[in-house]
Every structure is written in structure tokens, then in C-alpha cells.
Amino acid sequence: MAPIPGSGLAKGLAVTLRTMTKKTVTEQYPEHQPELPPRSRGVIGLFEENCTVCMLCARECPDWCIYIDSHKETVPPAVEGGRERSRNVLDRFAIDFSLCMYCGICIEVCPFDALFWSPEFEYAETDIHELTHERDKLRDWMWTVPAPPALDSAAEEPKEVATARKTAEKLAAAQEAEAAEAARAAEAARAAEAAQATGATRAPEAAEASREAPSGPEEDA
């Protein structure tokens, strides 16, 4: 069926009329804070402990607004005779929010979950040079990141969680086996001590009994 001529215009005017009859509500900011969605893209927070200085976020950033400096440190071997290892230590992590376009690519490509979206948005500055925030400020914003939503009860268990759970179960089983072996060894030691003590008590009694018993020739006489 062909549309009625002018129906689109009528629908548009109907929306306009409905909007005109509604009362306009103005939020008195900053006296009243806006209610933002929990996963809103306000600013990027840094969880410094997870950062391995892989530089992936800085390389993938289309605006080149992430600045990272680091140095290498030598880690002693974990066991005697092992090899020394080198690791990257983070010296600087800064984001220039005057260039950032909030695309979230850096958060998506981070393989170690070191970057997160925070709903914090009150970080405007009067000087554009002060919009480059260092890692201390990014870490403060990390504590405003909301907790992730709960997984679906029917969802498959994440591989990382499954691996950690299996490792914990193996460790608990090994500890239980060691405890059982130690208990058996202690029980065997107590049994041996008891047998030794019993044998030491019976030895004088046997010697006394042998002294008191008459010999064969004397009985014949």
C-alpha cells in the first residue's frame, strides 16, 4: 500500500507538538550531579600493577596521545642455578586528553587488563597543557571504575578461572597428601616408640625369670 502523501510531515509535527507540551527540566549542575550510566565513557583509569609496558596501547592509539617510559631491571633467578631474567619497569604512563577521542581502542587491545573506563568526567582544565594526566592521576580514577557485571549463570567458565581453580585444587590435594603422609609417619614413629618401650620393660622381667628358674641337673639331683 502506497504511503499517504504528507503522512511523514504529519508524524514529524506530532512529535513536535508532544515535545512542546512537556515541561522543560534543567539540571542544576554542579549542585546536582547527573545520573550517568554505570559503564559511561568518562575517563581512562590505569591499573598499574597489571601493566607490562608492552606498548600495545600506545602503538594502536590513532591519536598518539599515550606516552609511556620504562627501563629494564634484572631479576635474580627464582631457584639456585637458574638464569637471571629481565623485566620492564614502568616509569611514566600519561594520556593527553586534549587529543584523546575516547575511542577505547587502548582498553580493547590491552592484553593484561590494565586500562578501564571510569565514569568520572570532572577533569576540565583552564589550560590545555594541564589535560595531560600522569599515572598517579590515572590510578586515582581507577578506584572509581564500577565492578564488572555478573556473568550469566549458564555461561561457560572463563579459561583463566578454570586454570586457576584446577591449580588450586591440585595444590590442595598435594597438601592433603603431604599431611596424610606426615600423620602416618608420626603414627608409625609413636608405634615404634611404644614397642621399644614395651620391649625395654619386658627385658628385666625376662632376665629375673631366668635367674629364678632352676637348672636341669639340679632338679635331677
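## Exercises on a predicted model

Asp113 has a relative accessible area of 49%, so this residue is partly exposed. The model treated here is predicted.

**Exercise 1. Determine whether Trp64 is buried or exposed, and describe its backbone.**

Solution. Trp64 is found in the loop between helix 2 (56-60) and strand 2. Its relative accessible area is 58%. The cut-off for the exposed class is over 50%, so Trp64 is exposed. As to the backbone, Trp64 is not a glycine, yet it has a positive phi of about 55°.

**Exercise 2. Classify the ring pair of Tyr29 and Phe121, and state which parts of the chain it ties together.**

Solution. The structure holds 7 aromatic pairs. In the pair of Tyr29 and Phe121, the ring centres are 6.1 Å apart, and the planes meet at 40°. Centres must lie within 6.5 Å for a pair, and planes under 30 degrees apart count as stacked, over 60 as edge-to-face. The angle of 40° therefore makes this pair tilted.

The second step concerns location. Tyr29 sits in the loop between helix 1 (7-21) and strand 1 (43-46), whereas Phe121 sits in the loop between strand 4 (115-118) and strand 5 (132-133). The pair therefore ties together parts that are 92 residues apart in sequence.

The third step is accessibility. Tyr29, at 42% relative accessibility, is partly exposed; Phe121, at 34%, is partly exposed.

**Exercise 3. Which peptide bond involving Tyr29 is cis?**

Solution. The cis bond joins Tyr29 and Pro30, with omega of about 10°. Pro30 is placed in the loop between helix 1 and strand 1. In general, most peptide bonds are trans.

**Exercise 4. Which residues form the aromatic cluster?**

Solution. One aromatic cluster is formed by Phe97, Tyr102, Trp117, Tyr123 and Trp141.

**Exercise 5. How many bridges join strand 3 to strand 2, and how many join strand 3 to strand 5?**

Solution. Strand 2 (residues 66-75) and strand 3 (residues 85-96) run antiparallel and are joined by 10 bridges. Ser70 stands opposite Leu90 of strand 3. Strand 3 and strand 5 also run antiparallel, joined by 2 bridges. Here Asp96 has Thr132, in strand 5, as its bridge partner.

How values were computed
Residues are numbered from 1 along each chain as its sequence is written. This is a predicted model: local features need pLDDT of at least 70, side-chain atom pairs count only at pLDDT 80 or more; totals for chains, interfaces and linings use all residues. Side-chain values use heavy atoms; hydrogens and water are left out. Rings of Phe, Tyr and Trp (its six-membered ring) pair if their centres lie within 6.5 Å; planes under 30 degrees apart count as stacked, over 60 as edge-to-face and the rest as tilted. Helices (H or I, at least four residues) and strands (E, at least two) are DSSP runs, numbered from the N terminus. Buried means under 20% relative accessible area, exposed over 50%, partly exposed in between (1.4 Å probe, protein chains only). Two strands pair if DSSP finds at least two bridges between them.
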